Amino acid sequence: MNVATIGTGFIVDWFLTAVQESANISCVAMFSRKESSAHKLADKYEIDKIYTNLDDMLKDEEINFVYVASPNSLHFEHALKALQAGKNVICEKPFTSTVEEFDRLVKEAQDRHLYLFEAIVTAHMPNYLRMKEELPRLGTIRMVQCNFSQYSSRYDKFLQGETPNVFNPEFSGGALADINIYNLHYVIGLFGKPKAVHYYANKHANGIDTSGVVLMQYDGFQAVCVGCKDTRSECIAQIQGEKGFITMRSETSRCAAYTIQIGRERAEHPSIVQNDVALYYELQDFRDIYKLDDYERCTQLLAYSRTVMEVYEAARRDAGIVFAADRNGL
């Protein structure tokens, strides 16, 4: 896999660290509107080519994958351009701003038999997959709680009157899109699509959500997902069944460690030590799927991503959060 990146934010730094630790994956080029913005990462990871024109980069025949980590509102445009240029795509979460955009990307990829992946670490973390196998031990599930709260480094500037992309509805920002999306993936990956979705958001005057609670109703149980960018707390997730419960004391992105308590027995600690670079595991999966030409597995992952997109959009609309993509359409 010869990858080119779009974007220069901290997530690209993490992605390139994961690339560096992965066999048979290389980053050969970067795109940035300003060449100076890419120099630090290019030097750090010894990337020779920096493009300031996206069309020029997409003509580079050495590249067969493009990692899209631009602002959320640009995911669709950049991913579509890459697919139309014959490149496979890894797109950061949230996949797109709307389900309509998502469906358009999937059609483009499938018409061209190209690989399209969502870069969502949760679904690929070893502890998450181990925990999923343990669920039957809990008996009938009655309650799921997730809290991923992280005071944004940009929130103070936002309060002072600036509008960073992450707090800008024009850029498809907000707490649901940036942080609570991990909770949605965590729950939906375990239990599938809920029967009903509601989002109770703390909204700024510009209409963006700085924090909020997503309630998802399932047959026989409720899932409560808290995501905050305006406060900080312990990040924790609990799954409660009639016979026992699982507690995970970490972000729902990393799934760092969990315990299982069955009845009044001593708590079990079955989690394993994972790579500190969470993006490492998704990259291994994408590489293996591509190497084996396992298009069926790619299609399965896209179906899962679509379910999350449906719930994400339903929650956002329930809270009255409007993005530019809603007004503009395709």
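## Helix α6 and its neighbours

The buried residues of α6 pack against α8, β11 (236-241), β12 (244-248), β13 (258-262) and α9 (279-292). Those buried residues are Pro126, Asn127, Tyr128, Met131 and Glu134. Here, buried means under 20% relative accessible area, exposed means over 50%, and partly exposed lies in between (1.4 Å probe, protein chains only). Helices (H or I, at least four residues) and strands (E, at least two) are DSSP runs, numbered from the N terminus.

A few words on where the values come from. This is a predicted model, in which local features need pLDDT of at least 70 and side-chain atom pairs count only at pLDDT 80 or more, while totals for chains, interfaces and linings use all residues. Residues are numbered from 1 along each chain as its sequence is written, and side-chain values use heavy atoms, with hydrogens and water left out.

## The largest pocket

Where does the largest pocket lie? Domain 1 (2-116) and domain 2 (123-280 + 310-326) both give residues to its lining, so the largest pocket lies between them. The domain bounds come from an automatic or database domain assignment. The volume of this pocket is about 1,500 Å³.

On a 1 Å grid over the protein atoms alone, a pocket is an open set of points with protein on both sides within 12 Å along at least five of seven lines, a cavity is a set of points where a 1.4 Å probe fits but cannot get out, and lining residues have an atom within 4 Å of a point. Grid points are joined across faces, edges and corners, and a volume is the space filled by probe spheres set on the points.

The lining of the largest pocket has 45 residues, and Gly9, Phe10, Ile11, Ala69 and Arg154 lie nearest its centre. At least two lining residues come from each of α1 (10-20), α4 (75-84) and α8 (175-191). By class, the lining holds 19 nonpolar, 15 polar and 11 charged residues. In this count Ala, Val, Leu, Ile, Met, Phe, Trp, Tyr, Cys and Pro are nonpolar, Asp, Glu, Lys and Arg are charged, and the others, Gly among them, are polar.

Two or more of its lining residues come from each of α6 (126-134), α8 and α10 (295-318). Which element gives the most to this lining? It is α10, with four residues. Among the lining residues are Ala123, His124, Leu301 and Tyr304. The lining divides into six nonpolar, three polar and three charged residues.

The structure also holds one cavity of 30 Å³ or more, and the largest cavity contains about 60 Å³ of space. Its lining is made up of Phe117, Glu118, Ile120, Ala123, His124, Phe286, Leu301, Tyr304 and Ser305. The elements giving two or more residues to this lining are β6 (116-119) and α10, and α10 gives the most, with three. Six of the cavity's lining residues are nonpolar, two are polar and one is charged.

## Proline 94 and its cis bond

Look next at proline 94, in the loop between β5 (88-92) and α5 (99-111). The peptide bond from lysine 93 to proline 94 is cis, with omega near -20 degrees. Is proline 94 buried or exposed? Proline 94 has a relative accessible area of 1%, so it counts as buried.

Leaving out residues up to four places away in sequence, proline 94 touches Asn72, His75, Glu118, Ala177, Ile181 and Tyr312. Such a contact means heavy atoms within 4.5 Å.

Histidine 113 sits in the loop between α5 and β6. Its phi is near 50 degrees, a positive value in a residue other than glycine. Histidine 113 is partly exposed, at 43% relative accessibility. Serine 172, in the loop between α7 and α8, also has a positive phi, near 60 degrees. Serine 172 is buried, with a relative accessible area of 2%.

Tyrosine 151 belongs to the loop between β7 (141-149) and α7 (155-159). With a relative accessible area of 28%, tyrosine 151 is partly exposed. Beyond its neighbours within four places in sequence, tyrosine 151 is in contact with Asp156, Leu159, Lys229, Asp230, Thr231 and Arg232.
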